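Colleague: Could you walk me through this one? I'd like to start with the strands and then move on to other parts.

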Amino acid sequence: MGHVEGKVAVITGAGAGIGRATAALFAKNGAKVIVTDIKEAEGQETVEKIKADGGEALFLAHDVASEEHWQRVLAAAKDRFGGIDVLVNNAGIYIIAPLAETTLEQWNKLFSINVTGVFLGAKHVVPYFAERGGGSIINLSSVAGLLGAAGHACYGASKGAVRILTKDLAAELGAQNIRINSIHPTYVKTAMADYGAAIAGKTLEQMGRDMSVLGRLAEPEDVANVIVFLAADESHYLTGAEFVVDGGGGASVLSV
Ligand SMILES: NC(=O)c1ccc[n+]([C@@H]2O[C@H](COP(=O)([O-])OP(=O)(O)OC[C@H]3O[C@@H](n4cnc5c(N)ncnc54)[C@H](O)[C@@H]3O)[C@@H](O)[C@H]2O)c1
């Protein structure tokens, strides 16, 4: 997985799911973790679990759509741990709806979190990375940011934006030793997969069989492993790249 010991990592949306698993894995590997989430009780719980396991973590309430929140959160992270080395833009929301039923309000809200949140995080963390001589940003996109899917006009477009924003920033910031990569999971066993399965009228087991060649959905830890690697020194030549975490689902056409 690589070394992240002593690094300071800010992880958004870390009160649940992939963000929580990622925060725990960073801490287990000796990183200092800033857990942020719009839901305070859930974020605090992540921190308590990390501390109970002997790790170092701090919770900060954070709406990633707010520029003022980003400024406050990053300043507080530096105050507490002396600087910032890693940003995981994980917070996101998911809507499945036919085009005709997708409202402008839904579209704007989802984009404010899934896309504007990523832009603001990158914009405001770069000066902190510059103080440390570099850094790593890991953006959570999706396979829905690579290929189309019915009912995914809003969510898929947001994740496609994250994919290309990642490459634009990698091109712009590489000379400052700042790396930016995107992660593209299919369904991972979190509340988002529960929501998708309910709409599809399938169980998680059926979804795993249908969507991967390994026959199962990813656990949050499967994604966390890739995120921590992309923050580690061992991945120092990786930037602007997309990492598909789909159990091989995109590698195969329908089975006969
Ligand atoms: N789970 C999946 O199947 C899956 C697949 C592909 C991509 N992703 C992406 O991975 C990321 C994490 O997904 P997850 O499944 O762990 O989701 P989740 O719903 O389990 O957790 C998301 C967390 O983000 C927080 N959040 C929501 N809005 C926020 C805001 N405005 N500011 C700060 N925090 C906010 C929530 O409170 C929650 O704790 C998302 O970007 C998602 O789009 C997930």
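Colleague: In which sense do strand 1 and strand 4 pair, and over how many bridges?

Modeller: This is a predicted model, where local features need pLDDT of at least 70, side-chain atom pairs count only at pLDDT 80 or more, and totals for chains, interfaces and linings use all residues. Residues are numbered from 1 along each chain as its sequence is written. Strand 1 and strand 4 (residues 86-89) pair in the parallel sense over 3 bridges, where strands are DSSP runs of E with at least two residues, helices are runs of H or I with at least four, both are numbered from the N terminus, and pairing needs at least two DSSP bridges between two strands.

Colleague: What stands opposite valine 10 in strand 4?

Modeller: Leucine 87 stands opposite valine 10 there, while on strand 2 (residues 32-37), which pairs with strand 1 in the parallel sense over 4 bridges, valine 35 is the bridge partner of isoleucine 11.

Colleague: Are the faces of strand 1 buried or exposed?

Modeller: Both faces of strand 1 (residues 8-11) are covered, with Val8 and Val10 buried on one side and Ala9 and Ile11 buried on the other; buried means that 20 or more other C-beta atoms, placed from the backbone, lie within 10 Å of the residue's own.

Colleague: Switching to the ligand, how do the residues of the shell divide?

Modeller: They divide into 16 nonpolar, 10 polar and 4 charged, with Ala, Val, Leu, Ile, Met, Phe, Trp, Tyr, Cys and Pro counted as nonpolar, Asp, Glu, Lys and Arg as charged, and the others, Gly among them, as polar.

Definitions and conventions: A residue is buried if 20 or more other C-beta atoms lie within 10 Å of its own, exposed if 12 or fewer, and partly exposed in between; C-beta atoms are placed from the backbone.
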